[in-house]
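Reader: I have a model open and a few minutes. Can you walk me through it?

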Amino acid sequence: MRIPRLALMAGALASVLFAGTAHAATLSAPAYKPALAKSPIYKTGKLGFDTCEEPKVQGGSLDEVKIYLDVVLDCLNAAWEPRVKQAGFTFKKPSMQVVTKLGGKTGCGPYPAGAQALYCSLNNKITYLASSNLVAEPNDIMLMAVLAHEYGHHIQSLTGMFKARTPYNGKNEARFLDESRRLELQAECLSGVFLGSVWHSLDRQETEFTYLVKNGGTGLDLSAIGVKLESWGDKTHGNAKNVGHWLKRGYDTESAGSCNTWNTAKSKVS
Ligand SMILES: [Zn+2]
């Protein structure tokens with residue numbers, strides 16, 4: 001059975017964090033910089049990368065998980081490089097480290113509790129937490145989906161989106177959180193673009209994907225930008241329903257063009 005503990009756990013974590021969030025209504029959507037709302041990445045069409053030879057991971061060892069992530073990272077690099085270049089940006093691979101405990105260096109401060117993975121835009125590095133749950137359930141599609149989400153942040157970094165954000169100044173919390181959710185939901189959509197594109201090459205059931213969609217996608221990660229996000233909880237990532245919506249949207253369209261979260265109703269990025 002492939003769905004499993006890890007997915008269940010992340011779903012549970014998400015629902016705890018998502019409970020009791022107030023959704024403030026705002027009258028009009030603020031304008032976002034062209035690097036965010038009009039990125040040429042939206043015009044690159046379908047991802048067009050259809051085969052990722054996912055290694056079998058059965059033993060539940062850390063080494064297997066590392067190998068698995070390395071192979072999937074290669075797939076992500078091969079899939080996105082042509083689209084990034086097509087959009088007129090310089091392509092660069094992200095680096096990745098797999099850690100087994102909290103607190104280590106990430107380039108954006110110590111690895112925090114509550115995150116499955118972290119992308120640091122200051123050094124273009126993905127830090128992936130191979131928790132004991134994850135190592136015990138290495139077949140979980142979550143393993144790939146989380147990495148594809150972090151890679152979504154890398155795309156945002158390469159295309160200048162992180163730099164186009166409104167910086168947090170201690171007072172603009174609502175604006176900052178709104179942009180954070182749009183960034184996170186976009187990364188989730190870009191994860192879906194990759195998953196949808198390679199899905200038929202994976203030996204997996206469709207139900208594994210629909211399970212993810214229904215259970216809040218990849219759950220919590222951090223796209224670290226030097227601001228403490230943990231205390232804001234799910235306000236930085238969007239509610240489970242919207243995370244699922246954007247994941248599925250990317251999966252169904254296989255195109256970054258469907259991931260413009262900067263040009264969409266507030267209700268879809270709450
Ligand atoms: Zn993220």
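Reader: What share of the contacts in the chain with a separation of 6 or more comes from residues 24 or more positions apart?
Author: Residues 24 or more positions apart account for 82% of those contacts. Two residues are in contact if their C-beta atoms, placed from the backbone, lie within 7 Å.

Reader: Where does the model come from, and how are residues numbered?
Author: It is a predicted model: local features need pLDDT of at least 70, side-chain atom pairs count only at pLDDT 80 or more, and totals for chains, interfaces and linings use all residues. Residues are numbered from 1 along each chain as its sequence is written.

Reader: How many helices and strands?
Author: Nine helices and four strands. Helices (H or I, at least four residues) and strands (E, at least two) are DSSP runs, numbered from the N terminus.

Reader: In what order do the elements run?
Author: From the N terminus, α-α-α-β-β-β-α-α-α-α-α-β-α.

Reader: How much of the chain is buried?
Author: Of the 270 residues, 48% are buried. A residue is buried if 20 or more other C-beta atoms lie within 10 Å of its own, exposed if 12 or fewer, and partly exposed in between, with C-beta atoms placed from the backbone.

Reader: Strands next. How do β2 and β3 pair?
Author: They pair in the antiparallel sense, over four bridges. Two strands pair if DSSP finds at least two bridges between them. Cys120 stands opposite Lys125 in β3.

Reader: And which way do β1 and β3 run?
Author: Strand β1 (residues 95-99) runs parallel to β3, and five bridges join them. Val99 has Leu129 of β3 as its bridge partner.

Reader: Why is β3 called largely enclosed?
Author: Five of the five residues of β3 are buried, so the rest of the structure largely encloses this strand. Lys125, Thr127 and Leu129 point one way, Ile126 and Tyr128 the other.

Reader: What about the residues of β2, which way do they point?
Author: Ala117 and Tyr119 point one way from β2, Leu118 and Cys120 the other, and all are buried.

Reader: Which residue in the β2 and β3 hairpin takes a positive phi?
Author: Asn124, with phi near 55 degrees, in a hairpin that has four residues between the strands. Asn124 sits in the loop between β2 (117-120) and β3 (125-129).

Reader: Why does Asn124 count as partly exposed?
Author: Because Asn124 has 17 other C-beta atoms within 10 Å.

Reader: What about Glu254, what is its phi?
Author: Glu254 has a positive phi of about 55 degrees, and it is not a glycine. Glu254 lies in the segment after α9 (240-253). With 22 C-beta neighbours inside 10 Å, Glu254 counts as buried.

Reader: Now helix packing. How do α5 and α7 cross?
Author: The axes of helix α5 (residues 142-158) and helix α7 (residues 173-198) come within 7 Å and cross at roughly 120 degrees. Axes are lines fitted to C-alpha atoms, for helices over the stretch in contact, and angles run from 0 to 180 degrees between N-to-C directions.

Reader: Which residues make that contact?
Author: Among them are Ala145, Ala148 and His149 of α5, with Leu183, Gln186 and Ala187 of α7. By class, the residues of the contact of α5 with α7 are eight nonpolar, six polar and one charged. Here Ala, Val, Leu, Ile, Met, Phe, Trp, Tyr, Cys and Pro count as nonpolar, Asp, Glu, Lys and Arg as charged, and the others, Gly among them, as polar.

Reader: And α7 with α9, at what angle do they cross?
Author: Roughly 35 degrees, with the axes within 6 Å. The contact includes Leu185, Glu188 and Cys189 of α7 and Asn242, Val243 and Trp246 of α9. The contact of α7 with α9 has nine nonpolar, five polar and four charged residues.

Reader: What does α8 meet in α9?
Author: Phe209, Leu212, Val213 and Lys214 of α8 meet Gly244, Leu247, Lys248 and Tyr251 of α9. Five of the residues in the contact of α8 with α9 are nonpolar, one is polar and two are charged. The axes of helix α8 (residues 206-214) and α9 come within 7 Å and cross at roughly 145 degrees.

Reader: Last one. Is Cys75 buried or exposed?
Author: Cys75 is buried, with 22 other C-beta atoms within 10 Å. Cys75 lies in helix α3 (residues 62-86). Leaving aside neighbours within four places in sequence, Cys75 is in contact with Cys52 and Val198.
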